Amino acid sequence: MNTEKHLNVCEELVYKSVFNETSKTIFNYIYYKFGNEEKAHDAVQEAFVKLWENCAKVAPEKAKSYLYTVANNLYLNVIKAEKVRLKYADQTLKTTNESPEFIMEENQFKEKLDNALNSLPDNQRTTFLLNRIDGKKYAEIAEMEKVSVKAIEKRMHLALKSLREQIDGI
């Protein structure tokens with residue numbers, strides 16, 4: 001039973017579905033690598049443009065993997081020229097009733113955490129953030145990174161070990 005009427009990424013509804021299901025996760029994945037919202041948005045946008053340009057060649061079930069590969073390759077091209085620097089600045093202004101001492105200690109801890117995260121190798125930092133911030137399971141991260149679950153477990157172990165050494169009380 002060979003039916004030629006398979007769903008195709010070139011069909012608007014399929015393309016929209018792929019976008020809705022994957023764009024946020026791909027954005028976070030690239031953001032954790034770039035540390036720059038604008039570059040992450042650009043990479044995701046460019047990956048989806050390439051998916052559209054190649055929609056006839058990419059099966060719907062392969063679209064997610066294709067997007068990760070394209071976005072990651074865009075990342076690799078940019079990273080050659082730039083040093084990764086994560087920014088966690090909260091863009092919203094907020095008032096607080098906390099004491100200046102508490103705020104100072106909190107800022108010192110955030111700086112210590114940023115420095116510790118930035119000192120991690122890219123693959124460990126990405127794995128750590130995808131797991132702890134996005135709640136991704138090791139198997140999902142392994143699929144994104146195209147490595148084994150064992151490799152992700154090792155990355156996470158090394159990341160946690162390094163963070164514990166650099167930050168007292170984690």
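Let's start with a gap in the protein: the second largest pocket holds about 180 Å³ of space. Here a pocket is an open set of points on a 1 Å grid over the protein atoms alone, where a 1.4 Å probe fits and protein lies on both sides within 12 Å along at least five of seven lines. Its volume is the space filled by probe spheres set on the points, which are joined across faces, edges and corners. There are 13 lining residues, and the closest to the centre are Tyr-29, Lys-33, Asn-72, Leu-76 and Glu-145; to count as lining, a residue needs an atom within 4 Å of a point.

One thing to keep in mind is that this is a predicted model, where local features need pLDDT of at least 70 and side-chain atom pairs count only at pLDDT 80 or more, while totals for chains, interfaces and linings use all residues. Residues are numbered from 1 along each chain as its sequence is written, and side-chain values use heavy atoms, leaving out hydrogens and water.

So which helices build that lining? At least two residues each come from H1 (12-34), H3 (63-79), H5 (122-132) and H6 (138-145), and H3 gives the most, with 6 residues. Helices are DSSP runs (H or I, at least four residues) and strands are too (E, at least two), numbered from the N terminus.

Zooming out, the protein chain has 7 helices and 0 strands. Of its 170 residues, 36% count as buried, meaning under 20% relative accessible area with a 1.4 Å probe and protein chains only, against over 50% for exposed and in between for partly exposed. Take contacts (heavy atoms within 4.5 Å) with a separation of 6 or more: residues 24 or more positions apart account for 68% of them.

Thr-69 counts as partly exposed because its relative accessibility is 28%.

Now follow H4, residues 100-119. Its 20 residues reach 28 Å from first C-alpha to last, close to the 28 Å expected at 1.5 Å a residue; the expected span is 1.5 Å times one less than the number of residues. Asp-114, Ala-116, Leu-117 and Asn-118 are buried in H4, and their cover includes H5 and H7.

Finally, look at the loop between H6 and H7 (149-166), where Lys-146 sits. Most residues other than glycine have a negative phi. Lys-146 is not a glycine, yet has a positive phi of about 60°.
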